Amino acid sequence: MGVNHVLPPLDTVGIYQRQQILQILQKTGRGHIGSAFSIMEIVRVLYDEVLTYDPHNPQWDQRDRFVLSKGHGCLALYVQLATKGFFSEEELWRVSADGAMLGGHPEYGRVPGVEASTGSLGHGLPIGVGIALAARLERKDFRTFVLIGDGECNEGTIWEAALSAGKHQLSNLVVILDYNRFQCYSSTFEVLNLEPLADKWQSFGFAVREADGHNLLALSNLFKSLPFTHNKPNLIICHTVKGKGISELENNPAWHHKTRVPTAEMTRLINLLMNENEKNLPQ
Amino acid sequence: MRKTCLNEIYQLAKRDDRVIFIGSDIGTGTLDEFRREIPERFLMEGVSEGYLIGMMTGLAMNGKIPYLNTIATFLTRRCYEQILLDAGLHRQPIRLLGSGGGMVYAPLGPTHTAMEDFAILRAIPRMTVIAPCDAEEMKRLMPQTLEYPDPIYIRLAKGGDPIVSQPDKPCQIGRAIALREGTEVLLVATGITTQIALEAAKILGENSISAGVLHVHTLKPFDSEKLLEMLSLVKVVVSIEEHTLIGGLGSIIAEILAEANFDGPKKFRRLAFPDAFLEEYGSQESSLKRYGVTAENAVATVMILLKGTSGIK
């Protein structure tokens, strides 16, 4: 499977949305920044071009479901949901505060557009399989997308769910694997090697594709070719960069989760974000 | 009781297409008729309880009512976080039917004996925990599980247990049942230990001691009101359960009793299993006997509390 590993630079939206996430960190004092930056383009393309939904009727029963199984990446999801009008952008500036709607992990029933409460790894995919099975039983056309992390693939329930999704031939299920090759402590190769990753999922009964997880066009084209087969669940390995967008953050486990960044330091980082991606900003 | 329970699911599935049966690699031939008649809602899945709770949650979020059956210990301990976060936090109506509750699988050893299921499950917000006393009561409770909004765990006994429930008494999830009135002593029991409580009350009655029996099929939400009403009449209360001393029926009563602040003193004792792993095999009955969860010990305990001596006439 050929993958273009030359990652594209960020466009203006990519820069702006990362700036929003840094501002959330500045205002609220904590956040999984590297994890959010890793999935920004995946989540953005889903909400821009792929998912069917109605922000004014988040419970619409024909909507496509998107489950962020790696719930710690939720800042990326919150930014997209606010952009699409599921809730006011003002909510972004009070994440985890007293009385806030949004927390450090996404919560079902509390946040419009959030399909499952995640944060403990290995829960979102089993729930997603159940949702996809329900759609099949009800003969409904909606699809279920589940975004999982590479570190999350250490969890046994991911593989239990994968076996079952394969058995049930859930072609309405799309699992997106954020393969940035870093987990909390260090690289996935050091902590718990997942390779050969594509072969593993294939052997569990999935139709597997790979993509550059920051290439908007490549992602869009791949999502538009779903389902990959008529009788297998779909798995997309997205090659991503943890902390994508600021060189100091990229592949740097110190930015997996960050707390209390001083204002001057934050200003410097935002400048870095701008400068490093400057050539893409409108002149 | 298990057979009755599973057959009830089949009956419910025939009249309500939201009902789905899920087995976690359980005995061959189970519910074959269900499988033949409604194959799309009969799922025999693998030995992957953690995953199954999540999968059921996803089904329930989309209007289904999934019932899962497997051995109680695997259904409660292994997938505790899934029950708490998936079913509990998402408030989804999944139904967990734990076979071999308590000491039913004592011959198979500590991996299979469910001694702490009440304690761990009742710590989960929104969880409902049920232990019916016999198959007839199971039949009365099962239809109520259709429209109930919260996740439910039902502890199943081995089957063939004597019928002690009373059809004329209303049976409703969350409501304890006074199976016998008494003015001196109250015996409180759950699941199959209600048989033991009734037998003990009978012996006490033959010895001119008036003992009431409160059967608590629903441990959570607990019917404190009924307990307090019956407690107010008596001076002695003894709980009887097939569960560790920690966190089960006796603990619940202790908590309620301690905060009730009755004017007069109430003497209280718990009959339950010690805080220890089982060191012996044997049958359910012999295990209950070994640890004093018997009618004879209940009577002796009441006598000590009442009169300072275990002797009866």
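Reader: Let me start with one side chain: does Gln19(A) count as buried or exposed?

Author: This is a predicted model, so what follows is computed from it. The general idea is a cut-off: buried means under 20% relative accessible area. Gln19(A) has 17% relative accessibility, so this residue counts as buried.

Reader: Where does Gln19(A) lie, then, and which residues does Gln19(A) touch?

Author: Gln19(A) lies in helix α1 of chain A, which spans residues 12–28. Leaving aside residues up to four places away in sequence, Gln19(A) touches Ile270(A), Leu273(A) and Met274(A).

Reader: Now a strand. Why is β9 of chain B described as largely enclosed?

Author: Strand β9(B) covers residues 211–215, and five of its five residues are buried, so the rest of the structure largely encloses this strand. As a general idea, side chains in a regular strand alternate between the two faces of the sheet. Here both faces of β9(B) are covered: Ala211(B), Val213(B) and His215(B) are buried on one side, and Gly212(B) and Leu214(B) on the other.

Reader: Which way do β7(B) and β9(B) run, and how do β8(B) and β9(B) run?

Author: Strand β7(B), residues 177–180, runs antiparallel to β9(B), joined by three bridges; Arg180(B) has Val213(B) as its bridge partner in β9(B). Strand β8(B), residues 185–189, runs parallel to β9(B), with five bridges joining them. There, Ala189(B) stands opposite His215(B).

Reader: Through which helix does the chain cross from β8(B) to β9(B)?

Author: The chain passes through helix α8(B), residues 193–206, and this β-α-β crossover is right-handed.

Definitions and conventions:
Residues are numbered from 1 along each chain as its sequence is written. Chains are lettered from A and ligands numbered from 1 in the order in which they are written. This is a predicted model: local features need pLDDT of at least 70, side-chain atom pairs count only at pLDDT 80 or more; totals for chains, interfaces and linings use all residues. Side-chain values use heavy atoms; hydrogens and water are left out. Helices (H or I, at least four residues) and strands (E, at least two) are DSSP runs, numbered from the N terminus. Buried means under 20% relative accessible area, exposed over 50%, partly exposed in between (1.4 Å probe, protein chains only). Contact means heavy atoms within 4.5 Å. Two strands pair if DSSP finds at least two bridges between them. A crossover is right-handed if, with the strands pointing away from the viewer, the path from the first strand over the helix to the second runs clockwise.
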